[in-house]
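Subject: Structure handover

Hello,

Here is the structure I promised to pass on. My notes follow below it.

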Amino acid sequence: MRLCSVSITIFILLFSCHALANESSNDTTTKVSAEGKTLMIYRNLFKVKRKEHIAAVQKLLLNNKVAKRAQLITIMLGSIVKTIEHAMERLKQHDLSDPDVFPSDPEVRDAMSQILENTALFTDLMVRFPSVARPLYGKNKKVWKPQMRKAIDFCHQNPVYEGDYQVLLHNLQQELGIGIADPTYNNPFVINPDAIEENTSEERKMLYNEAKRKKKLKDKKKKKGSPRLSRSDL
């Protein structure tokens, strides 16, 4: 009788452990799934923001008033550095020790997005308008360089910055003299700063995807509007 009682007790313990293990596994899967979904949503939002950035750059390029354009770029670069600095200060209050975990806290995500998005826009301006941006950076180097170094490091570790966005960071590092100098790096806009026909690799990719989308939509409309044979024609 005692042996039977012990066996039942062991069975109950094993069953309880198995149930707890399954519950823990389900909780982990749900958490990972939620984090993955949040990351996926923000990646799409980041792509939309990048389109807005490129549109803003194209608008600056179309501005024929050189002095006015230079003034706008100066204001934008200064504002971006301040925005990144404030966002960095906000993030100091939160634990971001695991770069692979995408934050679920709206306040953290907001500060993080300000760093990710403004670093990308800062790169656009530095690369696209070197005749204005480089001298301005030289004047503010003592303040801007350490701040942008932190921003670059933050973006490097963030899962949003992958693929072409890593190239973006590489270009910014070369422009700011941060990290190892790449002897093969060349900024085509130094020679022809007002060349609208020149596009960065990211811009070319966006233009290609947009053209592809429009062609697909056009083909779909054409197919939908094509005449069909009626039964009498058959």
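Thr-123 is in contact with Leu-168 and Leu-172, leaving aside its neighbours within four places in sequence. Contact here means heavy atoms within 4.5 Å. Thr-123 sits in helix α3. Its relative accessibility is 2%, so Thr-123 counts as buried. The cut-offs are these: buried is under 20% relative accessible area, exposed is over 50%, and partly exposed lies in between (1.4 Å probe, protein chains only).

Two points on the source. This is a predicted model, in which local features need pLDDT of at least 70 and side-chain atom pairs count only at pLDDT 80 or more, while totals for chains, interfaces and linings use all residues. Residues are numbered from 1 along each chain as its sequence is written, and side-chain values use heavy atoms, with hydrogens and water left out.

Overall layout

The protein chain has seven helices and zero strands. Along the sequence the pattern reads α-α-α-α-α-α-α. Helices (H or I, at least four residues) and strands (E, at least two) are DSSP runs, numbered from the N terminus. Of the 234 residues, 31% count as buried. Take the contacts in the chain with a separation of 6 or more: residues 24 or more positions apart account for 76% of them.

In α3, 18 of the 23 residues are buried, so the helix is largely enclosed by the rest of the structure. At its start, a side-chain oxygen of Asp-105 comes to within 3.0 Å of the backbone nitrogen of Glu-107.

The largest nonpolar core has 43 residues. Such a core is a set of buried Ala, Val, Leu, Ile, Met, Phe, Trp, Tyr and Cys residues joined through side-chain atoms within 4.5 Å. Leu-116, Phe-122, Tyr-161 and Leu-176 have the most contacts inside it. The elements giving two or more residues to this core are α1 (2–61), α2, α3, α4, α5 and α6. The largest share, 10 residues, comes from α3.

Leu-176 also has a list of its own. Leaving aside neighbours within four places in sequence, it is in contact with Phe-122, Met-126, Tyr-137, Lys-145, Met-148 and Ile-152.

Helix α6: Leu-169

Leu-169 lies in helix α6 (residues 164–176). Buried or exposed? Leu-169 is buried, because its relative accessibility is 0%. Leu-169 touches Thr-119, Ile-152, Cys-155, His-156 and Tyr-161, not counting residues up to four places away in sequence. Leu-169 and His-156 are 13 residues apart in sequence, and their C-alpha atoms are 7.6 Å apart.

Helix α4

Which residues of helix α4 (residues 130–139) are buried? They are Pro-130, Ala-133, Leu-136 and Tyr-137. These cover an arc of only 150° around the axis, which puts them on the same side of α4. The arc is that of the directions from the helix axis to the C-beta atoms. The face turned away from this buried side carries the exposed residues Ser-131 and Lys-139. What covers the buried residues of α4 includes α2 (66–91), α3 (106–128), α5 (141–157) and α6.

Salt bridges

The count comes to six salt bridges. The rule is a side-chain nitrogen of Lys or Arg within 4 Å of a carboxyl oxygen of Asp or Glu. Three of them are set out here.

- Arg-134 and Glu-175: the closest N and O atoms are 2.9 Å apart. Arg-134 lies in α4 and Glu-175 in α6, so the pair ties together parts that are 41 residues apart in sequence. Arg-134 is partly exposed at 35% relative accessibility, whereas Glu-175 is buried at 8%.
- Glu-52 and Lys-49: the side chains meet at 3.2 Å, N to O. The two are three residues apart in helix α1, so about one helical turn separates them. Glu-52 is partly exposed at 43% relative accessible area, and Lys-49 is partly exposed at 29%.
- Glu-89 and Lys-92: the closest N and O atoms are 3.0 Å apart. Glu-89 is partly exposed at 44% relative accessibility. Lys-92 is exposed, with a relative accessible area of 60%.

Best wishes

Note on methods:
A polar contact is a pair of N or O atoms within 3.5 Å; within protein, one must be able to donate a hydrogen and the other to accept it, and residues adjacent in sequence count only if both atoms are side-chain atoms.
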